[in-house]
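I opened a new entry to look up the strands and the aromatic rings.

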Amino acid sequence: GKSTLILMGFRRARQDGNIPVWIDLQPFRGADAARDLVPVFSAIFDHATSSGGEYSSSIDISLLTEAASIVRDALETEKEIRAKIPVLNGIINRLTDSCKADLYVFLDDVHLLRPDLQALLLDLLHGMLKGARGWLKVAGVKNFLHPYDAARNIGLQLAHDVQAIDLDLTLVNPAQARAHLV
């Protein structure tokens, strides 16, 4: 279901000449603070180089080096991470402009993170990608997804910031689901 859809989206983004990045959040299941999410940002820049397809040779390595050094900068608190988001957004903007391609970040198994960290991660990534030809694709189990934290007013709101795609179709009508996915 969801992972298949991500794989198809990943392949389609690459076919269309874009830069797809797939991040599996299973390894971050035990995350209990904002600092535990910093490797997700590192992975985005690491994977952008290897999955840039035809753009791998034209990706400005200095941009990725700059991004990696920012992310490695002992970011410990949410405040420190937030302070770097505009800089990372600028780097992504320069990266996508130089490649003349969009960056697609596919997150798998977001529901495995703690609810407060789900909203925080999505909020930070949205800020990093928005306006920089960056797109965020999120997959998780609907009943365990918490993309928005109303108490803190962070994250992504359904119908405002994101569009939900119901994958229950795969259980109800597998033939129709297959036709939709392929």
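My notes below start with the sheet and then turn to the ring pairs.

I am working with a predicted model. I looked up the strand order and found an open sheet of three strands, β1-β2-β3, with parallel pairing. Strands β1 (19-24) and β3 (134-138) are the edges, each pairing on one side only. On average, neighbouring strands are turned by 15° against each other, direction ignored.

Entry 2, β2 and β3. How many bridges join β2 to β3? I noted five, with β2 covering residues 103-108 and running parallel to β3. I also looked up leucine 107, and its bridge partner in β3 is valine 138.

I searched the whole structure and got four aromatic pairs. One of them is tyrosine 104 with phenylalanine 106, which is stacked at 6.3 Å centre to centre and 20° between the planes. Both tyrosine 104 and phenylalanine 106 are buried. Tyrosine 104 also pairs with tryptophan 135: the centres are 6.4 Å apart and the planes stand at 25°, so I logged this pair as stacked. This second pair links distant parts of the chain, with tyrosine 104 in strand β2 and tryptophan 135 in strand β3, 31 residues apart.

Are tyrosine 104 and tryptophan 135 buried or partly exposed? Tyrosine 104 has 18% relative accessibility, so I count it as buried, the cut-off being under 20%. Tryptophan 135 is at 43% and therefore counts as partly exposed.

Terms used
Residues numbered from 1 in each chain as written. Predicted model: local features only at pLDDT ≥ 70, side-chain atom pairs only at ≥ 80, totals over all residues. Heavy atoms only, no water. Pairing = 2+ DSSP bridges. Helix = DSSP H or I, 4+ residues; strand = E, 2+ residues; numbered from the N terminus. Axes fitted to C-alpha atoms, helices over the stretch in contact; angles between N-to-C directions. Phe/Tyr/Trp six-rings, centres within 6.5 Å; stacked < 30°, edge-to-face > 60°. Buried < 20%, exposed > 50% of the residue type's maximum accessible area, 1.4 Å probe, protein only.
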